[in-house]
Every structure is written in structure tokens, then in C-alpha cells.
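Keep the sequence and the 3D view side by side.

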Amino acid sequence: MGGVGAVVVAAGRGDRFGAPKQFCVLHGVRLVDRAVSACAAVSDEVVVVLPPGTEWDGPPVAAAVEGGDTRSASVRAGLAALHGDHEIVIVHDAARPLATRTLFDAVVAAVRAGADAAVPGVAVADTLKRVEGGRVAETVDRRGLVAVQTPQAFRADALRAAHATGGDATDDAALVEAAGGVVVVVSGEATNFKVTEPADLERAAALLDQGCR
Ligand code: CTP
Ligand code: MG
């Protein structure tokens with residue numbers, strides 16, 4: 001079976017958090033280190049993408065490179081630094097510290113089974129409304145809608161082709177979809193939320209305190 005490469009994107013500014021949250025410590029381990037270790041457990045080569053001027057001082061990686069202004073640009077920087085001839089590439093947010101091994105295995109298995117990409121999705125619980133100018137324009141039917149997480153796994157050539165256009169999207173699967181690729185959804189994990197605001201880090205710590213992860 002072909003190899004697996006992984007890109008951990010950790011080059012964000014953390015505007016909503018108020019600091020580059022990927023370097024915050026959760027139960028003694030930084031979020032970025034958790035993401036790198038989780039990827040290393042399932043990959044042959046891990047590249048971490050960092051903010052400009054940041055020295056890498058975490059677990060061993062094949063390369064640490066500088067990110068770009070957007071998440072997509074950071075993924076492209078990571079892809080360019082991934083040297084192995086991998087069959088599969090995983091992209092994972094440094095800001096998701098609680099993704100399980102089971103979830104990594106599930107997205108990789110779905111690509112091995114033939115998909116161009118596999119993403120974790122969780123059903124949306126809240127009612128969704130489209131708002132225009134402070135006023136509700138419509139209530140969106142949430143049937144069939146899922147909130148999408150990382151890790152996302154890709155057929156390496158599908159991901160590289162999708163990024164070759166230099167497009168920008170909040171996740172990589174969107175670029176593969178736009179290129180006509182087959183993207184499948186596996187069951188995501190409620191505990192695999194993205195640390196976006198300080199309260200999210202407290203929630204993650206509380207889950208670890210309770211032994212939920
Ligand atoms: N990311 C990145 N390069 C960017 C923007 C984001 O590598 N130019 C990474 C972040 O470090 C994070 C992941 O992409 O691990 C998800 O992005 P997000 O949660 O939006 O993080 P930030 O962009 O840092 O936060 P904010 O949007 O609040 O500024
Ligand atoms: Mg962002």
C-alpha cells in the first residue's frame with residue numbers, strides 16, 4: 001500500500017482567540033504538538049506549517065515551513081514541502097487537539113476504499129438561518145447538513161491538482177469538490193471541535209479532566 005503524508009496547519013494568527021492558540025498548552029502539551037503527534041502515528045512523513053519567523057521546537061517532523069495569509073496558502077506551503085511519493089495526504093488543523101486515532105484511520109480507510117477525499121462530519125444540532133442586513137432571510141433546512149472537521153484525507157494527486165489552481169476555501173475538500181472529485185463523509189466526533197475562542201480551550205481541558213478523551 002502507498003504511503004501517507006500529513007500536513008499540520010499551524011500558521012494562523014488566532015484573531016478570534018486573541019493569540020496564536022496552536023501554541024497554547026492543554027494538559028501539559030501544546031495543541032500543535034498534539035496534532036503533529038496524532039498525524040505522526042498514522043503517517044510516514046509529517047510537515048508542520050508555522051507563522052513567519054517561528055522556530056519549530058516540537059516533536060520531530062520532516063519539515064517545518066512558513067505558512068501564508070490564508071489557510072489554503074498554508075496548506076499549499078505544506079504540500080510543497082512534502083517530499084515522499086505518497087498515495088494519501090492528510091491535512092489536519094493544529095487547533096483540533098482531541099481528534100482520535102479512530103477518526104484518522106476512518107478518513108484514510110475511506111480514501112483507500114476509492115474516494116478522492118474523506119472528511120469527518122457531524123450533524124448540525126442548531127436551527128440554521130440565513131441573515132441579510134440583520135434580518136432573517138430564510139430558515140435553512142438542516143436535513144443533510146453536516147459541520148465538517150479535520151483530519152481530512154485525500155488521494156495525494158487529487159489534493160495537489162485541487163490546490164494547483166491557487167484557490168481559496170475554508171477547507172481543502174471544497175477545492176477537491178470544485179474540481180469534480182468524490183468527497184465522502186465519515187462520522188466526525190463531537191469532542192473534535194476546533195479551538196476557536198478561549199472557552200473552547202477550557203472545554204477541552206474539562207473533557208481531559210473528566211477522562212472523556
Ligand atoms: N491556519 C494556517 N494559516 C492561515 C490560517 C489558518 O495555517 N493563514 C491554520 C490555523 O493555525 C488553524 C487552522 O488553520 O490550525 C484552522 O484555522 P482557524 O481556526 O481559523 O485559525 P486562525 O486562522 O488562527 O484563527 P482566526 O480565524 O480566529 O484568526
Ligand atoms: Mg482563520
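Start with Cys39, which is buried, at a relative accessible area of 0%. Buried means under 20% relative accessible area, exposed means over 50%, and partly exposed is in between, with a 1.4 Å probe and protein chains only. This is a predicted model, in which local features need pLDDT of at least 70, side-chain atom pairs count only at pLDDT 80 or more, and totals for chains, interfaces and linings use all residues. Residues are numbered from 1 along each chain as its sequence is written, chains are lettered from A and ligands numbered from 1 in the order in which they are written, and side-chain values use heavy atoms, with hydrogens and water left out.

How many disulfides does a search of the whole structure find? It finds 0. A disulfide here is a pair of cysteine sulfur atoms within 2.5 Å. Cys24 is in no disulfide, and its nearest cysteine sulfur, that of Cys39, is 19 Å away. Cys39 is in no disulfide either.

The largest nonpolar core has 27 residues. A nonpolar core is a set of buried Ala, Val, Leu, Ile, Met, Phe, Trp, Tyr and Cys residues joined through side-chain atoms within 4.5 Å. Val8, Val32, Val36, Val48, Ile90, Phe104 and Ala153 have the most contacts inside this core. Two or more residues come from each of β1 (4-9), α1 (31-40), β4 (45-50), β6 (88-93) and α3 (101-112). Helices (H or I, at least four residues) and strands (E, at least two) are DSSP runs, numbered from the N terminus. Helix α3 gives the most to this core, with 6 residues.

Look at Val48. Leaving aside neighbours within four places in sequence, Val48 is in contact with Val8, Ala10, Val32, Val36, Trp56, Val61, Ala63, Ala64 and Val65. Contact means heavy atoms within 4.5 Å. There is also a second, separate core of 22 residues, which includes Val47, Val89, Val91 and Leu175.

Turn to helix α2, residues 71-81. Its buried residues are Ser72, Ser74, Val75, Gly78, Leu79 and Ala81. Their cover includes β1, β4, β5 (63-66), β6, α4 (156-164) and α5 (172-178). An α-helix has 3.6 residues a turn, so residues three or four places apart point the same way.

Ser74 leads on to the ligand. Of the 19 residues around ligand 1, Gly14, Asp15, Lys21, Ser74 and Lys194 come nearest. A residue counts as near a molecule or strand if one of its heavy atoms lies within 4 Å of it. Backbone atoms also approach the ligand. A polar backbone atom of Arg13 is 3.1 Å from an oxygen atom of ligand 1. A backbone N or O atom of Gly68 lies 3.0 Å from a nitrogen atom of ligand 1. For Thr70, a backbone N or O atom lies 3.3 Å from a nitrogen atom of ligand 1. Taken alone, ligand 1 exposes 560 Å², and the protein buries 87% of that. Accessible areas come from the Shrake-Rupley method with a 1.4 Å probe; for residues, only the protein chains shown count as cover.

Next, Asn192. This residue sits in the loop between β12 (183-187) and α6 (198-209). Is Asn192 buried or exposed? Asn192 is buried, with a relative accessible area of 0%. Its side chain makes a polar contact of 2.9 Å with the side chain of Gln149. A polar contact is a pair of N or O atoms within 3.5 Å; within protein, one must be able to donate a hydrogen and the other to accept it, and residues adjacent in sequence count only if both atoms are side-chain atoms. Beyond four places in sequence, Asn192 is in contact with residues including Thr150 and Pro151. The peptide bond from Thr150 to Pro151 is cis, with omega near 10°. Pro151 lies in the loop between β10 (146-148) and β11 (152-155).

Helix α6 holds Asp200. At 16% relative accessibility, Asp200 counts as buried. Its side chain reaches the backbone nitrogen of Thr196 at 2.9 Å.

Arg101 lies in helix α3, at 47% relative accessibility. Arg101 and Ala38 are 63 residues apart in sequence, yet 7.0 Å apart in space, C-alpha to C-alpha. His27 lies in the loop between β2 (25-26) and β3 (29-30), with a relative accessible area of 43%. Phi of His27 is near 50°, a positive value in a residue other than glycine.
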